[in-house]
Amino acid sequence: MTDTWQTIARLAGRLEEHSTLPREQRILLQLLKIQEEAGEVAEAVIGAMGQNPRKGHSHTWKDVEAEVCDVIVTGMVALTRMNPEAATVFQRHMEGLVARDLNEAEGAAAQ
């Protein structure tokens with residue numbers, strides 16, 4: 001387990017200890033949290049581009065980066081709360097992406 005996955009496991013454990021809801025509800029709420037964080041990315045992009053007339057340039061692109069990181073962490077925590085073998089699940093998924101999207105693209109480029 002990498003340091004990142006250890007940190008994610010600690011965050012997930014803290015959330016698990018805090019909640020008294022049934023497991024299914026805890027997971028559902030964690031999945032909804034991903035959407036909440038994605039909305040914060042959208043708000044930051046709108047603010048970085050100055051497209052809210054009331055707020056103007058309320059965010060920077062560094063703010064957008066931070067919000068994207070929050071989405072990633074929240075997704076990793078959700079996966080960990082769903083499956084304690086999250087790091088393995090994620091690694092297998094990444095291997096599938098490489099096989100599907102990168103190896104195929106590299107093969108086509110070589111032709």
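**Entry 1: pocket**

I am working on a predicted model, where local features need pLDDT of at least 70, side-chain atom pairs count only at pLDDT 80 or more, and totals for chains, interfaces and linings use all residues. Residues are numbered from 1 along each chain as its sequence is written, and side-chain values use heavy atoms, with hydrogens and water left out.

I looked up the largest pocket and found a volume of about 190 Å³, a volume being the space filled by probe spheres set on the grid points, which are joined across faces, edges and corners. I listed its lining as Leu15, His18, Ser19, Leu21, Arg26, Leu29, Gln30, Lys33, Glu37, Thr74 and Arg81.

Which helices supply at least two residues each of that lining? I noted α1 (3-18), α2 (23-48) and α3 (61-82); helices here are DSSP runs (H or I, at least four residues), numbered from the N terminus. The largest share, five residues, comes from α2. By type I counted three nonpolar, four polar and four charged residues in the lining.

**Entry 2: two lining residues**

I checked Gln30 and Leu29, both listed in the lining of the largest pocket. Gln30 is in helix α2 and counts as buried at 7% relative accessibility. Buried means under 20% relative accessible area, exposed over 50%, and partly exposed in between (1.4 Å probe, protein chains only). Not counting residues up to four places away in sequence, Gln30 touches Leu15, Thr74, Val77, Ala78 and Arg81, contact being heavy atoms within 4.5 Å.

Leu29 is also in helix α2, but at 47% relative accessibility Leu29 counts as partly exposed.

**Entry 3: core**

Which residues make up the largest nonpolar core? I found six: Trp5, Ile8, Ala12, Met76, Val77 and Ala86. Helices α1 and α3 each give two or more residues to this core, and the largest share, three residues, comes from α1. Such a core is a set of buried Ala, Val, Leu, Ile, Met, Phe, Trp, Tyr and Cys residues joined through side-chain atoms within 4.5 Å.

I then followed Ile8. Leaving aside its neighbours within four places in sequence, Ile8 is in contact with Val73, Met76, Val77 and Thr80.

**Entry 4: aromatic pair**

I found one aromatic pair in the structure. Trp5 and Phe90 form this tilted pair, at 5.9 Å centre to centre and 55° between the planes. Rings of Phe, Tyr and Trp (its six-membered ring) pair if their centres lie within 6.5 Å; planes under 30 degrees apart count as stacked, over 60 as edge-to-face and the rest as tilted. The pair links distant parts of the chain, with Trp5 in α1 and Phe90 in α4 (residues 86-110), 85 residues apart. Trp5 is buried at 11% relative accessible area, whereas Phe90 is partly exposed at 37%.

I placed Gly56 in the loop between α2 and α3. Gly56 counts as partly exposed at 24% relative accessibility and touches Gly47 and Gly50, not counting residues up to four places away in sequence. Its C-alpha atom is 38 Å from that of Trp5, 51 residues apart along the chain.

Glu65 is in helix α3 and counts as partly exposed at 47% relative accessibility. I noted 23 Å between the C-alpha atoms of Glu65 and Arg54, 11 residues apart along the chain.

Methods
1 Å grid on protein atoms, 1.4 Å probe; cavity = no way out; pocket = protein on both sides within 12 Å on 5 of 7 lines; lining within 4 Å. Nonpolar A, V, L, I, M, F, W, Y, C, P; charged D, E, K, R; others polar.
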